[in-house]
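Colleague: I have a few questions about how the terms are applied here. Please show me the model first.

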Amino acid sequence: MSETKKEKRKRNMWKLIAIVLMIVLVGSLLLRGLGNILSKSQSVPENYTETVKTGGSIEAKYLQNGTHDVEYFEYPAMMSFEKFEIYYPTDIASVEKLPVVIFVNGTGVVGSKYTALQKHMASWGFITVATEEQNAWNGFSAEMSVRVLELLNTYQEEGKENPFYGKVDMDRIGVTGHSQGGIGVINAITDQRHADIYKAAVMLSSTQTDGAKALLWDNDPSLIHTPILMIGSTGQIDAAITPLEAMEHTYSIIPDGVDKVMARRNDCDHGEMLYFGDGYVTAWFMYYLQGDEEAGNAFFGENAELVSNEKYQDVKISK
C-alpha cells in the first residue's frame, strides 16, 4: 500500500521532532560539560609569579614565592561555604605561632579557583583560609573562617589530624577580597562579631561601595578602623565596577588616622587584579602581620616605591 501525502508529512514531522530533540540533548550535554570545565578552571594561573610584570624591587621580591613549602588542610562547612580550604607552611610544627590571611570571594570566583594565590601567601609564612561561598559581600564567610581558626587553635580531638592546635596567632589576622569580596572585607572589619580582630585589610577591584548598596549589599567604609590597601585597575571593566571616582570616594570617607593606601594598576583589568597586585598585597600583610620593615617601604616613607612604580597611577597614601 502506497504512503499517502498526509502520512508522509506526519512521518517527516516526527523525524524533524527527533532531530530537534537530539540537537537539544547534545547541546545540553555540551553546555553541561562546558560548565563543569569552567567550574573547575583556575582564575589564577599557577605560574603567575613568573609572568606578572613588576615595576619595583620590593614588588618583585614579594611577588615571588616565599621560603616555606606548603600543605593543604580541609575542614568541613555547612551552608553555602561547602568547606574551609586552608593552606599552611609545612614546617608549622617547628614554629611558635603563625599569622593568618583570610580570603573573601568575588562573584563566581570561589576559593578552589585561586589556589595558586593561597599557596603563594602560605609560602611567606601565613595560614590562609578560603571557602566556596558565592555571596560573600556580607563578610560572614570571613567571620566563620575566624571562628573555625579559634576552634582549631584551641581544640584537639583525639585521633584526628589538627596541625593548627596552638599554632594560630589570633592577634595577627588579615583579610583580603576581590570584586564582591571587597565589600565583604568592609563588612568583615566593621560589621561582623570579630570585626576588631583584623590588623590589616586589602580590597582588590572592589565593587564600588555606593553601587553595592543598590544591590542591597550594605556597607559603611566610614566605620573602617583597620589599615587598608585598595588597588583597582584602569581597565574597561573596572571603569564600570570600580571607577576612579568611586575609589576616591571610598578612600575619602575612611576616617583620618587610619593607615590607608589606594592605587590603580595600568596594565590589566578587573579579573586579572585578583593576582596582578599580589606583590604589594603580600608586602602589605608582611608589614602589618610580620613586622617586615622592608615591605613597609613599598607604601610609606619619603621614597615609597608605589609612588614611583610605572605600573601604578592615582596613588594616595595616608599614615
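Modeller: This is a predicted model. In it, strand S2 (residues 83-89) runs antiparallel to S1, and seven bridges join the two.

Colleague: What makes S1 and S2 a pair?

Modeller: Pairing requires at least two bridges between the strands. S1 and S2 are joined by seven, so they pair by that definition.

Colleague: Why is strand S1 (70-76) called an edge strand?

Modeller: The open sheet has nine strands in the order S1-S2-S4-S3-S5-S6-S7-S8-S9, with mixed pairing. Strand S1 (70-76) and strand S9 (312-318) each pair on one side only, and these are the edge strands. From one strand to the next, the twist averages 15°.

Colleague: Why is Thr128 called buried?

Modeller: Buried means under 20% relative accessible area. Thr128 has 0% relative accessibility, so it counts as buried. Thr128 belongs to strand S4 (residues 127-130). Beyond four places in sequence, the contacts of Thr128 include Glu85, Ile86, Tyr87, Val101 and Phe103.

Colleague: What is the pLDDT over residues 20-39, and how many contacts does the model have for them beyond four places in sequence?

Modeller: Over residues 20-39 pLDDT stays under 50, and the model has two such contacts for that stretch. Where pLDDT is low, the predicted coordinates should not be read in detail. For the protein chain, the mean pLDDT is 90, and 87% of the residues reach 70 or more.

How values were computed: Residues are numbered from 1 along each chain as its sequence is written. This is a predicted model: local features need pLDDT of at least 70, side-chain atom pairs count only at pLDDT 80 or more; totals for chains, interfaces and linings use all residues. Side-chain values use heavy atoms; hydrogens and water are left out. pLDDT is the predictor's confidence in each residue, from 0 to 100. Contact means heavy atoms within 4.5 Å. Helices (H or I, at least four residues) and strands (E, at least two) are DSSP runs, numbered from the N terminus. Axes are lines fitted to C-alpha atoms, for helices over the stretch in contact, and angles run from 0 to 180 degrees between N-to-C directions. Buried means under 20% relative accessible area, exposed over 50%, partly exposed in between (1.4 Å probe, protein chains only).
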